[in-house]
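Me: I am new to this structure. Please take a close look at one part and walk me through it.

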Amino acid sequence: MFEHSRTFETTLAGRSLRVETGKMAQLANGACLVRYGETVVLCTATASVQPREGVDFFPLSVDYDEKLYAAGRIPGSYLKREGKPPEEAILAGRLIDRSIRPLFPKDMRNDVSVVCTVMSLDADCSPVIAALLGASTALSISNIPWGGPVAAVHVGLLDGEYVVNPTEGQCPQSRMAVTVASAGERMVMIEAGAQIVSDEEMYEGILIGHRANLEMLAFIRQIQEEIGKPKFTYTAEHASDEMQRDIMDYAIDAVRDALDTNDKNVRDARLQEIYTDVFEHFAKVYPDSQKQLDECLYKTQKYIVRRWLLDDKKRVDGRGMDEMRPLAAEVDVLPRVHGSGMFTRGQTQVLTTVTLGPVSEAQQLDDLGGQTEKRYMHQYNFPSYSVGDTKPSRGPNRREIGHGALAERALLPVIPSVDDFPYAMRLVSEVLSSNGSTSQASICGSTLALMAAGVPIAAPVAGISCGLITEGDRWMTMVDIQGLEDFFGDMDFKVAGTKEGITAIQMDLKMEGLTPAMVKEALYKTHKARNSIIDDVLLKAIPAPRKVLSPWAPKLQVARVPVEKIREVIGSGGKVIHQICDECGVKMDVAEDGHVYISGMDAEGVERALEIVKTIAEGPKPGAFYHGKVTRLMDFGAFVEIVPGKEGLVHISQLDVKHVEKVSDAVQVGDAVTVKVLEIDNRGRLNLSRKAAQIEQERLTPEEMAAVNQPQT
């Protein structure tokens, strides 16, 4: 039945890789089933027959579709089916998109859809790598015009050794997680997160990944040669060479003057006048050709900017090639948030806020990754007003999710552990003004906000971008690209890190790929620039993380109880923990390992809850003082509950420093009292004294009282 079915096999990082074609999804332009170990991904590529009308870009969509059945799980939603893709799936789709997009014809307007469906998951064999290789293979064997193939691997660094496609068990110990995609002898995509590694370590890891890709490229080319289809021809609506010459001759001097300013608002206003003039002047010569006239003016601007950079070593705003725009930083912009920082670079401005909460407010994850929650969350918002537009907000798009993830990855290596700082943290970066490199500005603003909030980060992190212009064998790089240099350039190479090393990389490319020399120069220039940002800007705004949290931040304490005592802390049906929360006005979370996290806005309530938890875990101690509540009155004394479920007797003779005739003269049910444990008899009963507490509290300082109650070691 499947007469065209073919199977191709190789190995990748010591694991079997098998590509099956001609059996599934036969109506797609190209399709293959990739089996990497026991990970299985179906990859398809389809294209529309006719170009899309009215667009001036290549309409490519890439979907990375995670099915929870791949890991033997039922979705947790009410509908029990997959809904909108989780963030990790969106990021995987963006990674594949950025790897394959540079190799499509720039003037093609046919819709192309690439869908990678994860059907079976072997955690030791990355489904993202399998999907990217499958997408490359599906496009290569299809009739869709494309300049691939591409290949990609992950690279880790364990104990000083580089590992290609590390296993699930190796990833947590790896100092870097780098994904490198290659086409031919060049690299087309780099994405990295790292635990502050040096430029040299990162560069070597990138090269190792690139060399590993060369073998996979040969494998995919073999498949393409054997079963690949001829590529179809497409219709490209170009302005004629004559029209381009006419527009250039008429408007080039005016466009050059319009671009020659460092103020985006001035530039846009000047260009608008030129567009209006050109449309009116050529309305009769080229009727109904506004789209072609737009194209000619775009190419005119691109020609001018690239000639300035390549030939004149001149930037639009007059800076040197390695010079950054004017920088500014400030903290405490918003008084009631837990921390805020604003970073301005030229006309790019980002305000980041920090919100602290108990660890129970960590984000719960429901995807195919092994991580079930994260306590450090970074979100990025790009409202239309930041570029002077009027588009309404419809929730975060893929770009916003991607930029938020990049900032999160950049700062995660310096975030304190939950043991050192037991808070969940949500950072939100609001782009107030955009003229290039907003994702890197959000990293700088986040460093400011974290330090202002009192989060003890290990070191400040800064982000900076490096651009590239190429022409034949000529190329040159520039630091801190603004909007026009990004728009008309060939690369946006973003690097974030501390002064000691790199924490994140993301490379966006518009050309066929980078050479190792280009990568090395970009790493060198960005390191020098981020050191300058940290020393001259960030640390001058706030030299170190604050020692005290905002008064508006929740107070938090952590106790560690023996695992066998967890049941007593929670109580039957949660009775004990609910009683503690209600009495003290706190929130409590108990982890399986015995960690108890207590949070609340009132410091005294938090301390009271901590005291109760410690008493439950350690038991009452003779000589210790406890705050309790009167639960019962008897003729001979009163019973006081010092912790939920644990009460003792205060004999009438121990109720007060003065003589007490009747118990009700001294206390009533519900009264809060401080008592001292006199003894614990052989049956575990507590003998308490309010009188002793009254006497000793008068002569003990609060510090001495706290010392009395400290657990004995």
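Predicted model: local features only at pLDDT ≥ 70, side-chain atom pairs only at ≥ 80, totals over all residues.

Reply: Numbering runs from 1 along each chain as its sequence is written, and side-chain values use heavy atoms, without hydrogens or water.

Take helix α12, residues 575-584 (helices are DSSP runs of H or I, at least four residues; strands of E, at least two; numbered from the N terminus). Val576, Ile577, Ile580, Cys581 and Cys584 are buried here (under 20% relative accessible area, with exposed over 50%; 1.4 Å probe, protein chains only). These residues span an arc of only 135° around the axis, so they sit on the same side of α12 (the arc is taken from directions, helix axis to C-beta atoms). The face turned away from that buried side carries exposed Lys575 and Asp582. What do the buried residues of α12 pack against? They pack against α11 (566-570), β23 (587-590) and α13 (603-618). Gly585 follows α12, with a positive phi near 65°.

Now the pair. The axes of α2 (127-141) and α3 (199-227) come within 9 Å and cross at roughly 30°. The two helices are therefore roughly parallel (angles under 35 degrees). In α2, Leu133, Ser136, Thr137, Ser140 and Ile141 meet Met216, Ile220, Ile223, Gln224 and Ile227 of α3 (contact is heavy atoms within 4.5 Å). The residues of this contact divide into six nonpolar, four polar and no charged.

Technical notes
Axes fitted to C-alpha atoms, helices over the stretch in contact; angles between N-to-C directions. Parallel < 35°, antiparallel > 145°, perpendicular 65-115°, else oblique. Nonpolar A, V, L, I, M, F, W, Y, C, P; charged D, E, K, R; others polar.
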